[in-house]
Amino acid sequence: MTSLSSVKLSILDLVHIRAGHNTADALADSVAVARHAEQLGFERFWLAEHHNLDGIASSATAVLVGHIAGHTSRIRVGSGGIMLPNHPPLVVAEQFGTLATLYPDRIDLGLGRAPGTDQDTMRALRRRPEDGADFPEQVQQLQQLLGPVRHGQKLMAIPGAGTEVPIWLLGSSLFSAQLAAQMGLPYAFASHFAPRMMLEAAQLYRQQFRPSAVLSEPYLTVGVPAIVADTDEEAAFLATTPQQKVLSLLRGDTRMLQPPVTDMARLWLPHEQNGVESFLGAAVVGSPERVAHQLEALLARTGANELMIVSDIYDQGARHHSLSLLAGLIT
């Protein structure tokens, strides 16, 4: 069973635009956090594909992967994830094959099947609601395009063929857990926003895992909203930023990332508070000692090999400090 002393830490970044700042600031924040995470020894830095959300600047995910990789030197950089039904597999293979050629042994390709957006944007992307039905076949095609060229192969990704970019499956339900197990691929569960089925998905993935050419045993990552500060009180104050973010999402208001507040009770109704707390059910918030206990309990329940940290802190100095404290728990 994985313990806190041996677990790997990584970061998932949505490139939030902070209130009072602009998109260029958000991109600069992302680069700074990636560099800081690299110095702290984090394993990987992933970016998520979202569209038509006015507070999130990670829509051109492959472009940002290259940008972050170009401003760092060791940390793995990848997608968490590319919503594969939004894109032809050939285009994804060419994009990530190019990235892998530019930054050898540093690029990850995490794949999801959700639209990552609303119905209007789905239509703008020329995606139909049923397009995710052939997700397993799309993943297989992508594997073939990134694998060695076979005799007689007519369709090739150039660059891409032979790069064998590591493919991960992402999900918030049992579908992707089962598919990742059947295909022998690493699996990342989106418990940072959908923790309800986390334990069931983790168990299913491990029980049904079949060794493959890329992975001999299951490898599980779970998403964790994490805020660490010098005191529990300071961490709770900082945590009102992600609470406000989720509240705005539940209300259909996708505004910018907001500064923390001293009292959430004046902002939400009781049923909204329940919704936010359910959404953030896997969150760890507190002093280093408190968070260490919370993470040990999470690892004991899930057996995760890696924790994918989501750090939605408004003040970037506090965000960097939180990551430093978190890294200190595993050294």
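View 1. Strand β9 spans residues 306-310, and five of its five residues are buried. In a regular strand the side chains alternate between the two faces of the sheet. Strands are DSSP runs of E with at least two residues, helices are runs of H or I with at least four, and both are numbered from the N terminus.

**View 2. Pairing of β9 with β1.** Strand β1 (residues 8-13) runs parallel to β9, joined by four bridges; two strands pair if DSSP finds at least two bridges between them. L9 has L307 of β9 as its bridge partner.

**View 3. Pairing of β9 with β7.** Five bridges link β7 (residues 220-228) to β9, again in the parallel sense. Here L307 of β9 is the bridge partner of V222.

**View 4. The surrounding chain.** The chain holds twelve helices and nine strands. Of its 331 residues, 54% count as buried. Among contacts (heavy atoms within 4.5 Å) with a separation of 6 or more, 73% join residues 24 or more positions apart.

**Notes.** Residues are numbered from 1 along each chain as its sequence is written, and side-chain values use heavy atoms, without hydrogens and water. As the model is predicted, local features need pLDDT of at least 70 and side-chain atom pairs count only at pLDDT 80 or more, whereas totals for chains, interfaces and linings use all residues.

Note on methods
Buried < 20%, exposed > 50% of the residue type's maximum accessible area, 1.4 Å probe, protein only.
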